[in-house]
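Please look over the sequence and the structure below before reading the briefing that follows.

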Amino acid sequence: MISVEEALKLSRRETIELHRSYLNPTLVSMFKLLDFDKRFVRAGGAYVWDEDGNKYLDFLAGYGSLNVGHNHPRVIEAVGLVEDAPNLLQTSLNPVTGALASNLSVITPGRLKHCFFCNSGAEAVESALKMARAATGRHQLIHTEGAFHGKTMGALSVSGREKYKKVFRPLVGGIEAVPFGDIELLEARLKYCDAAAFILEPVQGEGGIVVPPDGYLKHVEKLCRKYGTLLILDEVQTGMGRTGAMFACEHEHVVPDILVLSKSLGGGLMPIGACVTTEQIWKRAYGGFDKALLHTSTFGGNTRACAAAIAAIDVIISEDLPAKAAKNGEYMLSKLRALQLKHTMIKEVRGKGLLIGIEFREPFKGYLDKLSGGLVNQLYKEYFASLVASQLLNKHKMITAFTLNNPNVLRLEPPLNIAREDIDLLIDAIDEVCKKNRSPVKTVIRAGRTTVGRVAAMTHKKSKVKTLK
Ligand SMILES: Cc1ncc(COP(=O)(O)O)c(C=O)c1O
């Protein structure tokens, strides 16, 4: 058995071996291929350090879970304050859980008030979908194409990308998709299908950082009210200050019937998800003794997670992080748009606040296909932005990643108080990566030395194994 102390001393190689043997071996190969298999040992704010003492800037920030940065001292302190309290005692009413629910009712818009706590974004989405069916007595659920709401069965059923869905079919029934940003098609659906809920993200995150047309959310709100369909806003990624307001729906003064939160709600330290709704909807769904325990979660509302969330909210407000996200986001977007004019490889730059995406063109398919017998073409199609992320990580010490439902998009979502100088460093790094990749021939040669070479080596290894068998 390995103790925590020993685990913290494991080398990069030992860590790789443990993951290869006991977790997801293909993910290890993928990380090796992209040179992502670093061993990070320390983190604070927007920075992390590897075992050799190299400092990295984190523009991924836990897929948007680190709005207050890594290891914020006030979040750590809050968790310390409850270290002697029972963390789990479900047959009592927990004061810290009550305080968090009360605080959420203060900061969420409109009459949102009653909370259900769980442990992740997907689980919070599940809770919202079930709540909508229970409250309305209707079963149809509508979602948007390209959406991402998580990978549990219900959340996956209302998500967009076929790749992640097809092997798990049949998924949850009674579900339909409409294009994101399209009001007319939404109304056509709402008119005929008596839907329990329409679920969407105010800005699609994993769909490739897609911002809908101005006024879209307001229209959606009106239509949902008109047809008695509950509006579920999934602010797992856009919430907690990320887009320049505490919640993205506030930009258009929209109030959902159910608001879904997670990621940065836990201050980057504790896993927590929440589903917040009105008194009326809560009563309809779970009011009364027979319905009070219809939906529960063992760890939901545990003391430490709630203490971390109380502190995270406090930090976001007292450090004025939504306003910083708005200012820093505008600055970063303007710099990136200037880069777009310089580099044809950048197809589009888009975002709101500090939720920003760069969409790249796929330029070199043909050459690489010939070189690798199709394998690299597939890799490029699936992980194109990852190759850019790999160069940013290894040459410039910047952490970024692609968006799950659109692999050609590089996501940039740093802690909200990121320094201007650090944004400038990122812009210079992206500029250089784009310059280096300007010539298809050079890129192919470079890829030939790295990715293609490694893929070839892996393929060669596999065929050797086959021959031995
Ligand atoms: C908008 C949105 N909803 C739900 C989820 C799922 O969250 P989790 O990975 O915590 O289950 C994500 C994760 O990226 C998300 O971006």
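Which of the 15 residues around the ligand come nearest? They are Ser120, Gly121, Ala122, Gly150 and Val236, where a residue is near a molecule if its C-beta atom, placed from the backbone, lies within 6 Å of it. This is a predicted model, in which local features need pLDDT of at least 70 and side-chain atom pairs count only at pLDDT 80 or more, while totals for chains, interfaces and linings use all residues. Residues are numbered from 1 along each chain as its sequence is written.

**The shell around the ligand**
- Helix H7 (residues 121–136) gives the most to this shell, with three residues; helices are DSSP runs of H or I with at least four residues, strands are runs of E with at least two, and both are numbered from the N terminus.
- The shell divides into five nonpolar residues, seven polar and three charged, where Ala, Val, Leu, Ile, Met, Phe, Trp, Tyr, Cys and Pro count as nonpolar, Asp, Glu, Lys and Arg as charged, and the others, Gly among them, as polar.

**H7 and H12**
- The axes of H7 and helix H12 (residues 279–286) come within 7 Å and cross at roughly 80°, with axes being lines fitted to C-alpha atoms over the stretch in contact and angles running from 0 to 180 degrees between N-to-C directions.
- The two helices, H7 and H12, are therefore roughly perpendicular to each other, a term that covers angles of 65 to 115 degrees.
- Met131, Ala134 and Ala135 in H7 meet Ile281, Arg284, Ala285 and Tyr286 in H12, two residues being in contact if their C-beta atoms, placed from the backbone, lie within 7 Å.

**The chain**
- The chain holds 19 helices and 15 strands.

Terms used:
Angles under 35 degrees count as roughly parallel, over 145 as roughly antiparallel, 65 to 115 as roughly perpendicular and the rest as oblique.
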